[in-house]
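This briefing is meant to be read alongside the sequence and the 3D structure. It takes up the strands and their pairing, then the helices, then the aromatic side chains.

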Amino acid sequence: MAVQVAVCGPAQCGETEWTLAYELGRLLAERGAVVICGGHGGVMAAVAAGARSRDGLVVGVLPGADRAGAGVDLSVAIATGLGQARNSVIVHSGDAVVVVGGSWGTLSELALAMRRGGVPVVQLGDGWRPVGPDGQELPGVRHARTPAEALDLTGLWG
């Protein structure tokens, strides 16, 4: 079975996040990984476009009850009717979770991935850095500056 990597990020993103996500998708496709994302715009569209540029397989897990608004670069669009609860489906479907950028939905995906446990969670670029009551960064999330470093930090490709 192919490696599956969940990529999470906001539906609206800037040029930096777009570039990081596109390159991440490209690298994932080159390694034969299936990309799983939310299936809409922003980081989701960028990672899908990057993966498809290398003929990669991209699965979009959509919040709505139909495929309306699904990204053009998706290979498969799954309509869940779950709204934001679909974030749990996304993070539970990956052998690793890579988070690019930050929004409230992205924070929920980061939290769900950490609560899931058992898989690497990598924050690529700037984004959420949760801290505890003592002001110290919480352990567990790995931080990467480049897409290649993010893939290395997953440990999926020895």
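Predicted model: local features only at pLDDT ≥ 70, side-chain atom pairs only at ≥ 80, totals over all residues.

Gly60 has Ala77 of strand E4 as its bridge partner, and strand E3 (residues 58–62) pairs with E4 in the parallel sense over four bridges.

- The seven strands form an open sheet with parallel pairing, in the order E4-E3-E2-E1-E5-E6-E7.
- Strand E4 (76–79) and strand E7 are the edge strands, each of them pairing on one side only.
- On average, neighbouring strands of this sheet are turned by 25 degrees against each other when direction is ignored.

**Helices packed on the sheet**
- Helix H4 packs on the sheet, where it touches strand E1 (4–8), strand E5 (96–101) and E6, and the direction of H4 makes about 155 degrees with that of E5.
- Helix H5 (residues 147–154) also packs on the sheet, touching E5, E6 and E7, with a direction that makes about 155 degrees with that of E7.

**Helix H1**
- The 16 residues of helix H1 (residues 15–30) should span 22 Å at 1.5 Å a residue, and this agrees with its end C-alpha atoms, which are 23 Å apart.
- The buried residues of H1 include Leu20, Leu24, Leu27 and Leu28, and Arg26 is also among them.
- These buried residues pack against E1, strand E2 (34–37), helix H2 (43–52), E5, E6 and H5.
- After H1 comes Gly32, whose phi is positive, near 80 degrees.

**Aromatic side chains**
- Trp104 counts as exposed, with 69% relative accessibility, while Trp128, at 26% relative accessibility, counts as partly exposed.
- At another ring, that of Trp157, the charged end of Arg31 sits over the ring, 5.1 Å from its centre.

Note on methods. Residues numbered from 1 in each chain as written. Heavy atoms only, no water. Buried < 20%, exposed > 50% of the residue type's maximum accessible area, 1.4 Å probe, protein only. Lys NZ or Arg CZ within 6 Å of the ring centre and 35° of its normal. Pairing = 2+ DSSP bridges. Helix = DSSP H or I, 4+ residues; strand = E, 2+ residues; numbered from the N terminus. Axes fitted to C-alpha atoms, helices over the stretch in contact; angles between N-to-C directions. Contact = heavy atoms within 4.5 Å. Expected span 1.5 Å × (residues − 1).
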